Amino acid sequence: MKILISADMEGATGVTCPEDVLPGGPGWERMRPVFTGDVNAAVQGLFMQGADAVVVNEAHWSMRNLLLERLDPRASMITGRHKDLSMMEGVQHGDVDGVVFLGYHAGAGEEGVLAHTYLANSVTGVWLDGVRASEGRLNAAVAAEFGVPVIMVIGDDKTVEDARGYAPQAVGVQVKECVSRYAARCDPPEATAEAITAGAAEAVALAVRHEPVVLPHRVEVEFDADHLARAVTVVPGVAVCGERRVGYEAATMYEAIRCFKAVTTLASAAMEEQYG
């Protein structure tokens with residue numbers, strides 16, 4: 001049994017503000033061991049109940065945040081950027097039985113600690129097949145296309161609530177309670193590690209591959225400025241479909257998520273420092 005952990009940082013234990021997750025600063029350095037601790041707690045629970053292999057895919061920002069030297073030696077890690085499936089790298093090879101979303105968060109325009117979708121700001125909403133979509137919903141659709149169930153979701157209370165809409169069977173572990181986008185009532189690492197380990201042990205029973213669900217999809221992205229919507233239409237198939245909104249069709253979720261990455265990358269490049 002092989003489990004993939006897609007590890008984002010905004011939903012990790014104790015993280016509440018941008019300084020905690022922006023690479024290079026003292027807040028980020030402080031939270032890196034805590035983030036790694038969450039991952040190790042999940043790894044422990046997965047191996048406790050029969051996992052044979054655990055691969056951790058770094059899914060936050062530079063994708064060089066976890067401390068390899070502190071990683072549970074039974075796990076391996078995919079670190080660094082420019083991966084075919086970005087946050088879901090590793091799920092596409094046909095040998096993963098279940099995926100854990102660790103450190104996830106609510107989507108753009110939603111209530112939740114550091115809520116966003118791919119871009120920290122500028123994206124005000126994303127819709128997948130007409131349903132408002134967080135990174136979790138998008139990535140769950142990617143996993144489904146490769147026959148892999150989402151077995152566990154870890155983050156704040158809003159993240160766990162969001163997951164009930166796209167992975168109702170998954171074990172949810174809340175590590176903090178949202179107070180605002182930049183504040184939370186946090187449990188200490190000792191307490192969250194215990195909860196994560198117990199949740200991961202329970203989730204192993206859900207790691208059963210299913211038939212791949214390959215469907216066409218429509219994605220729409222709303223920005224906070226018209227020029228960003230116009231800028232991303234250089235991507236073939238992407239067209240303006242509303243005020244500050246673009247949309248596109250894709251034959252598969254693999255194509256949909258890769259196009260989404262292109263759209264958000266171009267939008268990021270089109271932002272001006274002060275005016276966005």
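His116 is buried, with a relative accessible area of 7% (buried means under 20% relative accessible area, with a 1.4 Å probe and protein chains only). The model is predicted, so local features need pLDDT of at least 70 and side-chain atom pairs count only at pLDDT 80 or more, while totals for chains, interfaces and linings use all residues. Residues are numbered from 1 along each chain as its sequence is written, and side-chain values use heavy atoms, with hydrogens and water left out.

**His116**
- The UniProt annotation "active site", from an unreviewed entry, covers His116; such annotations may be inferred rather than shown by experiment.
- Leaving aside neighbours within four places in sequence, His116 is in contact (heavy atoms within 4.5 Å) with residues including Glu10, His105, Glu135 and Arg181.

**Aromatic pairs**
- There are three aromatic pairs, taking rings of Phe, Tyr and Trp (its six-membered ring) with centres within 6.5 Å, where planes under 30 degrees apart count as stacked, over 60 as edge-to-face and the rest as tilted.
- The rings of Phe101 and Tyr104 are stacked, because their centres are 4.4 Å apart and their planes at 0 degrees.
- Tyr118 and Phe260 form an edge-to-face pair, with centres 4.8 Å apart and planes at 75 degrees, and both residues are buried.

How values were computed:
Buried < 20%, exposed > 50% of the residue type's maximum accessible area, 1.4 Å probe, protein only.
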